Amino acid sequence: MSTVVNTPVTNLIITGVGGQGNVLAARLLAGVLLKEGYEVAVGDVFGLAQRGGSVASHVRWTKGRDLPPLVPGQSLQILVAFEPLEALRLLTAYGNAETLAIVNNATVMPIGVQAGRFSYPEPDLLWQGIRELTGKTMIVPGTEMAREVGEIQALNMVMLGALAGSGYTELRKETFCSVIESETPAKHLEKNLLAFERGFQQASG
Amino acid sequence: MSCTIELEKGVIDTDLCTNCGACTNLCPYLISFKGRVIRVFNCETENGRCHAFCPRINVDSESLRDDFFDKEIYVPEIGPFYGLYLTRATDTGLRSNSQHGGTTTALLELALKEGFIDSAVLTQSTGGLEPQTIIATRPEDIRNCQGSSFQIPPTLAGLNEALKGEAYKKIGVVGTPCKTLAVYKMIKKLATDDEHGMDKIGMVFGLFCGWGLDWLGLDDLVKRHTTVNKLKQMDILPSSFGVMELKTEDGLIEIPLDEIYPIIKESCKYCTDFTAEFSDISIGGARSSAGWKVDQGWNQLIVRTEKGKELLEIARAKGVLEFKDMEPYNLDKLKKASMNKKRTGLKNLIEKTGNKSDLMYLSPNDPVIKGILNSAPFK
Amino acid sequence: MNEKRILLMGNEAIARGALEGGVSYSTGYPGNPSSEIIETMFSFKDKHEISVEWSVNEIVALEAAAAFSFAGLHAMVAMKQNGINVCSDFLTTVALDDLKGGLLLVVCDDPGPLTSSNEEDSRHFAKIAQVPLLEPSTPQEAKEMAKWLLNFSKQMGIPCILRSVSRLSHGRSGVTLDSIERPKAEPFFDRDKPLVGLPHLVTINHGKLLQKMEKVQQIFEQSPFNQYEGPDDARLIIMTTGLGFLYAREAVETLSLTDTVGILKIGTTWPLPAGLLQKYLKQADEVLFVEEIDPFLEDQVKVLYAETNGEMGAVKFYGKKSGDVQGPGGPGVGEINGDVVLDALTKILQRERPWSKDYAQKAAAHAEKMLVPRELSFCQGCPHRASFLAIKVALDLDGRQGFVVGDIGCYGLAAGATGFNQIKALHCMGSGMGNASGFSKLKSFGFNQPAVAVAGDSTFYHSCIPALVNAQANKADALFVVLDNSVTAMTGFQLNPASCGVAASDLINPIPVEELTRGLGIKTAVLDPVEDIGKAKETVYNFLQEDGVKVIVFRHVCATFKKKKIKDGQRSSARVDQEKCLGEQCGCDRFCVRIINCPAIQYDSPKAKAYIEEDICNGCSMCLQLCPQKAIMLVDTATGEVVK
């Protein structure tokens, strides 16, 4: 067992809608962290939740000790959200006044909204809510950029790029790229790296 | 409230629905199946056509009548009235396959030939069972639809189909009183939505109707007495004879009316129209008070509009129909029968609601209804 | 940094541990959160020459694995908590044997169920069967335990259980790898040592088992899987298992209690190391229990405490029984997490945890105003959508207030809006079939509502056959609908015996459902519900009108599986003719958006027209058939050409 030392813990959550690719994004980020010498814990959910539900991957890192896979309430430092409503959902549970958020601006309608049982919040109110619950919010046109790259499924790469370019962490871009190279299938590599770069430029530019 | 829920609560669940079909084939929400209209899913529209067309919700007979008929010729017992006639088809071939005198089929064929209509929405059945709605555009299609079905097919589902697109410009409709009432509600709604919409209905032929039978109940009844594929035709004789006749390959089977009454369609008990008052011409089997056999094989026919009059004159001129002189008591008998149905229908409605001023789909302010309610046995 | 340290999911770590421990055979039945264990074993299969397969169900899996153990080789079976119920009959008998090879049963519980129809704590089975059970706290430890248990099982001659939970099984962290041992396989079944559970032998073997378990307990007293950290004079000690250890440690750190509160992490949950526990019971004035689901450790420690007749001095116990450890669902309900432990500690010690009430209020206000639920939905192109639409309409037309009884699988979502709220009873694997058989027997009590049973293809083979035979033999009147999408979709698209047409023939021998049902003399129809919804509807209706047992196989390959398989092939998508679309008007009222409710169908409110997200549409054509205006067409996404 690792011994208890008080090195700081970073808590990050990648959230979105089932099928948007948060699990892969979290796995790649964890690979980056491991490469950079951190102890990392990822908390994930598979199965039913992937069928259009709200999904969140908790990614936590520190040095010198094991961490539990779930972020405690109000302890979130960084939020990467693939969908704005999900950003708000996660913030209300885990956010705090200092939370840094990177949010894709494209909405995904819950089926209850499509069916008319619920209404999706007014965009202005939603963004206002997100801002009120964060220290800083960066909005990324992630879906649009993924579509421009020619692969809607590359949204997760755009968002990882935005995280890498945001300056919210000290993780190096090269590490991200090398992990993407080793961990994603060769036939998607080109588009994945392109999508990552687009996200990076958007966030750092 | 959404229109589909309102129809379900106010018409289907209360057993008022006649399965006329007016609300079906308009949308994916209402389906007519084996004599019942079923709501599958809910539509959130508030003023849908289903609601506007339904003959069992918000019926304002008086204003509907005023919109389409000459006030001067209105007879309280039997509606707009230019005259009553005893007729039958001249064509004996046509007559031999018909229920009574083949008048409806002969008039429809004539209307088609003379351009009164370019198509007819009709019902085709297998010996009176499993009726299906068809859109006929040729005389031979019309002949295939001879004979009655007591299962009350959703004919107007076929009309709704025919109204889609531009294929038919003058559609003829044949139906029982509930259906022809719905057709006039439809014309009114169509006219509101589009001033030329109403032109698509060429002519309306009403069928006299005492009551219809429950679809599944009739299926069961027939199965108890014969096999369905042997059945050729069915008819219900005047109540004094007390039988239903099934004409089968093996001959005539008589079923006592005691077996029929339990399967009378519930919604028919709340009907107040015997003679299909909303129509250009309405037609029934002749029922002479001098004895049923006297006029057997003849139809009685009421002309209600100028268009109806015109068609009948052509029929006479071209010898399509034969006419028989009528005894004066025929009209009285018809009026009496019609009035009886009105009284019974109103009585049943009042029993259902427990309130004389709540007649469900009918307006208590309608002058005819008011008149009845202000006399015996209601007064 | 060790170069053999890699990122692994808990389940991958368990598989790696089994590999390092010399496993020769692994099998199981897919079920969240356990599926990735066997999936990972498949990835080792060729390189390490081990035998791996998916079994038809968990008891068959355990029985097959036991054969390896009987012949002297190591075997592992993996399953979710429901699975241990299925295999428990064999488990309680094989425990009485003297095994020659290691037999490891990995069970992954699903607290606060994320994908289960119960919230069972499988640790009780260790006590029922009297077999050892370990609980890891990290993926690293999960690997170590799996490896150790295989050999320990062989050493003791009894099966062993490794208990994981969702967050561990699906959590990832760095794991240091060890070398892989490949024992020389010389399987042999000794006919002179029969493994026979006849009654007169059972008492003898049961006695032997209990003796073995006493020895196991002595070994566990020294086990490195149990650890104490914290001050030697701590008066408050947290006794914890599994992930509870990490939550407890984080809570102690967060509240700066490392100098006063001790943590006793128990990895050997059954049999408990009584001596070790008593040592800390003696030291402590107060004990807080932190563990997933039931108060299992808590209850057993209290028994130990009672057995010492007061030698431990007065100890105050906090846990699920006292109500101090509980999430929003109450004690023993739902997952535990850092917040649950923080709340418990702050309550016991009357401290304040770092918490901004102001932020919480703001968050709650926004949540109430805006947080629309995101209900689960069938994927775009999912054949279940068509199947349940057909069933729903057929039941409506039938008019006898019929209903659907089913079980868990993707199709279990049909209990919600995506499946038109059709499933009205959902329990364990295959339960719908048994239920429907029973409902039809209510006829003699005047019951007239038809119950339609549904089950997936994989579930059909897992546990529906006995119910089907029962219905047929007992002359039930029941309609069984097999929703055959060719794969076990929910757990990750595993192949199963019904995987006709999608399985590589070297993997499995496909057995079409209809061959089996027709062999039973059951009238069976096979059709594609997506291709012709009208026919599907009609078939369900017609079968409902017939007496006896009937089966409809709705066969259409899982759309998401298909999409994964043919990534770069020709794709087609639905497209809405904007001119024809009626939108909200009478005659449609957004039928496709509101009712078909496919994730690919969206609605443009300002324009009042429906449109298709062509990026995600699977081109199944279901909406083409259902659009009342015939306004939807199918286009080739590459050329834009109209295909249908």
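**Group meeting: the A–C contact and some local geometry**

Where pLDDT is low, the predicted coordinates should not be read in detail. Chain A has a mean pLDDT of 92, with 95% of its residues at 70 or more.

Some conventions. This is a predicted model, in which local features need pLDDT of at least 70 and side-chain atom pairs count only at pLDDT 80 or more, while totals for chains, interfaces and linings use all residues. Residues are numbered from 1 along each chain as its sequence is written, chains are lettered from A and ligands numbered from 1 in the order in which they are written, and side-chain values use heavy atoms, with hydrogens and water left out.

Now the contact between chains A and C. Chain A puts in 69 residues and chain C 67 residues. The buried area, meaning the accessible area (1.4 Å probe) that two parts lose on being put together, summed over both, is about 6000 Å², and carbon and sulfur atoms give 59% of that.

There are eight salt bridges between chain A and chain C, a salt bridge being a side-chain nitrogen of Lys or Arg within 4 Å of a carboxyl oxygen of Asp or Glu. C:Arg374 forms a salt bridge with A:Glu83, with the closest N and O atoms 3.2 Å apart.

Which elements of chain A supply at least two residues each to the side that touches chain C? Among them are helix H1 (22-35), strand S2 (39-43) and helix H2 (84-94); helices (H or I, at least four residues) and strands (E, at least two) are DSSP runs, numbered from the N terminus. H2(A) gives the largest share, six residues.

A:Ala41 has C:Ser173 as its bridge partner in S8(C).

On to chain B. Strands S6 (residues 119-126) and S7 (residues 129-136) run antiparallel, joined by six bridges. S6(B) and S7(B) make a hairpin with two residues between them, and B:Gly127 in the turn has a positive phi of about 60°. B:Glu130, not a glycine, also has a positive phi, about 45°.

Last, cis peptide bonds. One joins B:Ala376 and B:Pro377, with omega about 0°. Another runs from C:Trp270 to C:Pro271, with omega near -5°.

Notes. Contact means heavy atoms within 4.5 Å. Two strands pair if DSSP finds at least two bridges between them. pLDDT is the predictor's confidence in each residue, from 0 to 100.
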